[in-house]
Each structure stands twice: as C-alpha cells, then as structure tokens.
Amino acid sequence: MQKGELQDLRRLHMYLDYNSGLILEITYMYLPTIRYMVTMKVLSNILLPIFVQRVISSGIDYHSLPPDSVSPGPWDKYIKAPANKSFITPARFWKVEGHVTAPNTNYKVLTSGHSYGGSLLIGEGGLLTLEFEENIAGRVCLDINAVADAPVLNLAYSESPFFAGRQSDATNEEEWDLPLPFHLGNRTGPLLLDFIFNVIPVSKAHGQYNPVRIFHIVQAAAQQVLNLRGFYPYIFKEKTPYSQPSVSITRIWVNCTSFPSQKNGRAYTGYFYSSSNLLNRIWYAGAYTLQLSTIDPSEGSALIPANRYLDHNRSPPGSWYSNFTVAKGTAVTTDGARRDRLVWPGDMYIAIPGIAVFSYDMLAVRNALDVIYEHQYGDGSIPYAGPPLGYHGEFSDTYHLHTLLGTYDYVLYSGDTAWLRKRWAAYRRALNASLAKVDSRNLMHVSSPLDWNRHGMGGYNIEASTLLHAVLKRSIELSSWLSDAAVNTQNKQNWSRVSRNLEIGIAQLYCNHTGLYSDNLSDRHCSGPNHIDPQDGNSWALIARMHERGSSIPRTVSTALQNRWTAFGAPAPEFPNVMSPFASSFELQAHCAARNCDAAVELALRMWGYLLDGPGFTNSTLAEGFRTDGFVHYPAYRVPSRNSHAHGWAAGPTGMLVGDVLGIRLRGPGGGGWSVRPVLTRWLGWVRGGFAVGRGTFEVALWRVVVLDLGGERMVGDRKGVVAMVRGPEGTRGRFGWGDEDDDDDDGNSVVEIVGGETRAWVRFEDEEHGEVTTEEVKLSDAIWEVKDEEKWYKQRIPYGVDNVLVYDESFREPVMEERKPGVVDWGALADGYVGTRGRW
C-alpha cells in the first residue's frame, strides 16, 4: 500500500509466509465487525483534520465543523463512527489458522472461540483474522514485543466475510488484490504501518498512541503474487517457541483516517429518530457510509490496470494503490471507501443531501465539484469522473447532468453563492452542451453509452431526458439566486420552453399497458423487441415533477414500480439481475413525489434492511449493489469480491427520510427560505429529527395522538390524529403544510407561514368514514424539544380545547410487510452483462 491509501476494515488478517518469513495480512470488510487473521491487513493511510467549531448566527461553519453533536440525544446510540478515532481495537477473533498462540491460553493454538485480548505469538504461516465491531478505515498499528528471524507481515483487506482470506478483495478485474508485505526486520515497540510499506515508530501521549517523527524507516518489498501452492501448516509442540520467523504482538489497533474534516466522527450536525429501530439503523448506516467515503484527497485510487496503457506501469496484476491526488483541499467526498476512491458525479444527487443532514461537510462536497469543473472539456462537457480519469475524453451524458444537480444542491445547503458565481459560466456551458442534444423529437439524444453501468444507454433515452428536465428547473432557480439579469431575460424563457417540450417528448415513452415509461424510442420502446421500463427513468419522471397537477400518471407509475418488488427490494430491469441501491434511492424519492411515501418507507425497510442484515453484508455500511437472488455479488463486475460495501450512492434513505418524511426542504441558498411538509406514513408511530446549517437548526417531530377527556381516562369519540411540531432558525421564514396534501405553491388554507426561532405545532384529524380532514394549531412550549427521553418526549399531554388532552396513541402497531419472492437470476444475461459494463473503464 502506498501513501494516501485508505481502507475500510471489518476483519483484519495476519499471517506468516513460509517463503518470506512472517506475514501479517489485514483484511478489511464492510461488516458489522472487523476480524483479523494470522494474515493481517493494514488499513491504508487516512488523515483526519481537527474540528474547531465556529458559530455563525447560531449555525454551523462547514470550514470548521463542531467538536460535539449539535443535537445530542438517545439517537446517538445508532451512530457507527468510533468514539476515539485514533485507537480502535478489534472485538474478537473471527478465524485462526496455523501457528497462532497466546500466553493467556498457555500457548495453545488459538481458535475462533477465543476472545481478543493480551499478547499474540504468530509463527511462520500463521493466519489470524480479527473482527471489529464496525467497519473502519485508517492505519493499522502494532505494539510488537519481540521478533525472530526478520519476519515479514502481510496485510490483506476484505469487506465481506464471504471473501476473507490471505488475499484482498478485488478493486479491479483480477480475482483478488494482492496483500501488502511489511518487512519488520528487528523493530519492536509501537509501530504504525504507514505510507509506502513503511514502519514508523509511534509514542504514547495523553493516553493515546500518536505518530511521531519518522526515523529508521523500513520499506517492504513491492506488491507481489505470493506462492501459496503447497501451503500446509507443519506440526509443532505446544509451549515451544517458534524457531522459524515469528512475531510477538501485545496490542493491535487502528488509527481511523476517514472523514478527515471531523476529529470526532460522532459529532453529527443532524439526527433522525423514530419508532422503527430498523429505519433508525438505516439512516445512520447511510451517514456512516458517507463518512467512510470522505477521504484525504491525496489518498485516492490510482486505477493501476486502467492507467497501464498510459503510464506503462509494471505493477503486477492485482496490485492496488491509493496514492493518487484526486482533488485539492483537505477532504473530498468520493464514490466509495475501498474501491473507486475518486470523484464520480453520479453519486452527488444522493450523497450531497445525505452529507448535509448529518455532518454538513460541505467543504468535502465543494472540493469534489471543483475538481470536476476544473477538468471540463472545451465543448462544455463534464468528465465522466475526476482524476485519474477525465484526461482522455471520458464522458457520460447522465453523469454530466448529475454534476449540475450536485451544483444546485451544494449551493442550496451551503448558501455559497460566491462559489456559484465563480462557476456560473462553466455551469452554463455544460447546460448548453446538453440542450444542444434536444432535437425535433423533443427528447435528449444520448451520445455516450456510459452511465452507472446500466445497459441500453444511447439514443432518445428516458433517464437522460428526465434528468435534463429536472436540471432546467433548478437552473432557473440558480439564476434567480444570482440575480443574473442576462440569464433571466435571455435564457429563462428558453429553459422553460425546452422543459415543456421535453414533457411532450417524454410522453411518447409512456406505455399504457404497463403504466410505466419505456427506455427509449427504438428497440426498448413500449412495442419494441427489447421493451424495457427502466427503474431510473421512471423514478426521474416523478422526481422531475413534470406532470400537470391532478394527473393520475405519477401514482400509476409509483404503484407499477411497487408491484415489481421482490423479497429484497426494487429490481432495475435496465440492468438485468441487479438490485441497485443507486437507482432505488431515486425510486424512494419518486414514491414521495407521487404522494406515496408509504411505499418509500416500505422500500427502505425492505431493501436497505437487507443491505444491513443480509448474509455477506456489513451491518454498518451500505453496499454498491447485489444480485437479484440476494447474493452479495454486484453483477456489474465478474468478480464478486469487487463489490464495494461502503458506497455513497447507496445512502438514499438518509436524505429521503429528512427531506420527505420529516419534510424539511430548503427553498433558498443556505436555508434563508424553507418549508416543512411531513408525512408520518403508516409505518411509524412517531419520529423526530433535524439538521443544522449556517443559519441554524431545523427540527420536526411527528407523533400519533388520540383525544382524551381532561382526566385522561376516556377517549372522546373516535378522534385519532397526528401532531406535527416545527421550528427553524431565527431570522428565517418558512412554510408548513402536510406532505400528502397540496404543495406549498398552491393557494389554500393548508399552508401557513412560519417565523424562524419559534415553535409551532398542528394536529390533523382524519375522518375516514366521511372523508374529512381537519387541521388545527395547538400550543406547545419550546421546552418540549429538550425532552429527549426515549419515551417521554412523544408522551407529553397536550391541552386541547377546554376539557380535553391529546396523548400518544398506544394502539399503534407497525404493519406486517407483505411477503414477496426472491428474484430469479438470468445466468445468460449475467454473463453478457460483464462484457457490456467493461466500457466504464
């Protein structure tokens, strides 16, 4: 491993090789825990900057993030980030092979039944896998008591328990990545395995181990394929010290180097807390996934195989390095924590809202956008990805548009209009490049086959056309934030006209017999020989809100998408055999756009619940995808271990649950204007949450209530309702309305104005028998926000009328989820898909 390399660990493997001495191999995986083998794997270098809070109007300055949680409470138990980044110890042994003993077992050979603790003696060929409680990323540190015969320690990394072993999970088309050999020589004491196979002494200060100045650097051999044929542990006597190469290790820990903008990774600027334990876990797993995918820019993927035709490197097959500088600055959000450690614009629409509502690391977002704009092509096109790609014309029509969506979201949450003004000319060039592809068919004609590895890109495509429609709406907003008179007079009408024309063109793709939009105007059309109704394009048709008010199509599309679900969630027919958290993150938002948030929450529970608890997954982070039958293999790649188990594009529920269930939406840069349109859904009895931005904190709480008499003994009639409690930052103005009622742009009494800094609350009663819905405002004190006990906050008695009170509805029970069958793998299409997706690289 070279300088700048970051790795996520779940299991750490250490072993001694017969041919080269002692081998420590670390295998990291995105799992609920990490495990070490006698093969140990070293975590790649990850540097963490210190956070110093700077208050701006009681809000957050993303240049200097807070050292402590903005809204601490019982929900903090769901945070996966470590409490102490610099000293994370493994929890247990996961697997032991060969010569591994410990004094506390009277030097008997260890097994997986032994708990971690105390010193270890690893002999030649020994393999040890240790498991951590959560996925982590950083540098591996060892406290070495003694060595014999100049051992070599090999480190290997795995995210899934299915692939843990002496080799690392794949980051390319090879079956495995190579382990990392560290030549320990005669070094003892605390060592940090760092940079280009260096072993650096560390010292203990203030109760923590910290790196000190480098001296006596020991450089290991370059990555090489190990000769493991004929590898059989030899017999040895208990209590007898190893005469061959060995190492005695008294302590193993990891110095976590992800999320470099946060010294305290648990210092969240937002929170989510509901009656569903699983939904809470999903929200925080998305947050943690985005944390691990935020890295030091100097530690990006070098893409050795992809760049071999350029730099003619002689690195052996399976070699991997995270030493490429992928952006400027001190932190950058990337595609994944282990693989694709570079900026991919396609992730931005999912990642940016998620980052905004839990950490507010907008600096990492801006650095990602900057590197993309700085490599913009001469014709205005945006590179498919950031360095080391983007130098040779790599381009995707959809990822190009995702960059523009990411620009909007960054300015919306950060309020950084000065940056927008700097990038505005480049933004307009990029937009014009897409507009030039809309012709008389009133659809965008896609010229690039590249996307998120889905099939069928090209021609008059639904996904690209709906993305452009969404971009045009946001472009009009961006121009108003800049007060760009030239744009307002010269381009705004044109952008609106193209949007209307796109709506006409997209309507050509609607299939009445399926209730969904087809993929294109040619072979994948409604009557085409390869008819496909794609998940991504149909989702974006709803997200873009391109239908007239009162149209039945959005709900029809939402229902049709829901009817395709399997036991493990929503399939993506445009990519056979694939269950994609990326495309399904779009579907989450699509259901809510169709006023069917019940479906969105059910999909989150079904699919993301499986991503957490399914076999081979991590229980703490979210994977890139999986196969339709539930296996951990992501069919974009021939090699199952290549699947990334901490991938930012999978974090869709983190943003959706705040933006659509709690209903908090910013309507102006940095939250100067905002709205709250919550939907409790049938899956929840109560929920609360919020997040902080530069202007201050937004919070929303919802819970079910019934009306009792003043004594609280007798129910008054059959009145059941939902209370919504809201507050926003001082000095701002917002609007409130229910998310399943008319939009806040509608005229009517369902929307009310809110002044930031005050707490407002309403109760809505629904009379299902007579179809009547009534909303009344109720008086609540600000003090209720400070009631953070796990139950007491939503069990407050609220005076209602003269003689009644509102109390929590104890009769609520979460519905039983409908049983569905697993998907069936099309093995022929699976093999064909590997060939079709190679073009990404």
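User: Is cysteine 256 buried or exposed?

Analyst: This is a predicted model, where local features need pLDDT of at least 70, side-chain atom pairs count only at pLDDT 80 or more, and totals for chains, interfaces and linings use all residues. Residues are numbered from 1 along each chain as its sequence is written, and side-chain values use heavy atoms, with hydrogens and water left out. Buried means under 20% relative accessible area, exposed over 50%, partly exposed in between (1.4 Å probe, protein chains only). Cysteine 256 has a relative accessible area of 0%, so the residue is buried.

User: How many disulfides does the structure hold?

Analyst: A disulfide here is a pair of cysteine sulfur atoms within 2.5 Å. Cysteine 511 and cysteine 526 qualify, with sulfur atoms 2.0 Å apart. Cysteine 592 and cysteine 597 also qualify, at 2.2 Å. The structure's count is two.

User: Which hand does the disulfide of cysteine 592 and cysteine 597 have?

Analyst: Both cysteine 592 and cysteine 597 are buried. The torsion about their S-S bond is about 130 degrees, so this disulfide is right-handed.

User: Which hand does the link of cysteine 511 and cysteine 526 have?

Analyst: Cysteine 511 counts as buried at 1% relative accessibility. Cysteine 526 counts as buried at 18%. The angle about their S-S bond is -90 degrees, and the link is left-handed.

User: How are the planes of tyrosine 349 and tryptophan 540 arranged?

Analyst: Rings of Phe, Tyr and Trp (its six-membered ring) pair if their centres lie within 6.5 Å; planes under 30 degrees apart count as stacked, over 60 as edge-to-face and the rest as tilted. A search of the whole structure finds 46 aromatic pairs. For tyrosine 349 and tryptophan 540, the centres are 4.7 Å apart and the planes stand at 55 degrees, so the pair is tilted.

User: How many residues apart in sequence are the parts that this pair ties together?

Analyst: Helices (H or I, at least four residues) and strands (E, at least two) are DSSP runs, numbered from the N terminus. Tyrosine 349 lies in helix 3 (residues 348-358). Tryptophan 540 lies in helix 10 (residues 535-543), so the parts tied together are apart in sequence by 191 residues.

User: How many of the 17 residues of helix 13 are buried?

Analyst: Helix 13 covers residues 597-613. The rest of the structure largely encloses helix 13, because its buried residues number 15 of the 17.

Note on methods:
The expected span of a helix is 1.5 Å times one less than its number of residues.
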